[in-house]
Amino acid sequence: MPGSNNVREHRKRARITQAELGTICGVSRQSIVSVEGGDYAPSVYLALRLARALDTTVETLFGDQGESAP
């Protein structure tokens, strides 16, 4: 289910545009807009590509914020 994530924050820290991130990851700018807005939950493959492009982990980008592990 789509929800909040940290993609936008990491992209801005990396100083790259949505279009540039889309090109790096092999998707459209609109796909990046949808992921950042929480309207679209990326596939595992895309999540991995986003994490690599932004030099972070999938857990950092998409992990549950504020929830502790059992």
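**Helix packing notes**

I began with handedness: helix 2 passes helix 4 in a right-handed crossing. The model is a predicted one.

Next I looked up the geometry of this pair. Helix 2 and helix 4, the latter covering residues 44-53, pack with axes 9 Å apart and at an angle of about 120°. The range 65 to 115 degrees counts as roughly perpendicular and over 145 as roughly antiparallel. Helix 2 and helix 4 are therefore oblique to each other.

I then listed who meets whom. Helix 2 brings Leu21, Ile24 and Cys25, and helix 4 brings Leu46, Arg49, Leu50 and Ala53. I sorted this contact of helix 2 with helix 4 by class: six nonpolar residues, no polar ones and one charged.

I turned to helix 3. The axes of helix 2 (residues 18-25) and helix 3 (residues 29-36) come within 8 Å and cross at roughly 105°. That makes helix 2 roughly perpendicular to helix 3. Here Gln18, Ala19, Leu21 and Gly22 of helix 2 meet Arg29, Ile32, Val33 and Glu36 of helix 3. I get four nonpolar, two polar and two charged residues for the contact of helix 2 with helix 3.

Last, I checked the loop between helix 2 and helix 3, where I found Ser28. A polar atom of the Ser28 side chain lies 3.1 Å from the backbone nitrogen of Ser31. I also took the C-alpha separation of Ser28 and Gln18: 8.7 Å, with the two ten residues apart along the chain.

Terms used: Residues are numbered from 1 along each chain as its sequence is written. This is a predicted model: local features need pLDDT of at least 70, side-chain atom pairs count only at pLDDT 80 or more; totals for chains, interfaces and linings use all residues. Side-chain values use heavy atoms; hydrogens and water are left out. Axes are lines fitted to C-alpha atoms, for helices over the stretch in contact, and angles run from 0 to 180 degrees between N-to-C directions. Helices (H or I, at least four residues) and strands (E, at least two) are DSSP runs, numbered from the N terminus. Angles under 35 degrees count as roughly parallel, over 145 as roughly antiparallel, 65 to 115 as roughly perpendicular and the rest as oblique. Contact means heavy atoms within 4.5 Å. Ala, Val, Leu, Ile, Met, Phe, Trp, Tyr, Cys and Pro count as nonpolar, Asp, Glu, Lys and Arg as charged, and the others, Gly among them, as polar. A polar contact is a pair of N or O atoms within 3.5 Å; within protein, one must be able to donate a hydrogen and the other to accept it, and residues adjacent in sequence count only if both atoms are side-chain atoms. A crossing is left-handed if the near helix is turned anticlockwise from the far one by less than a right angle, and right-handed if clockwise.
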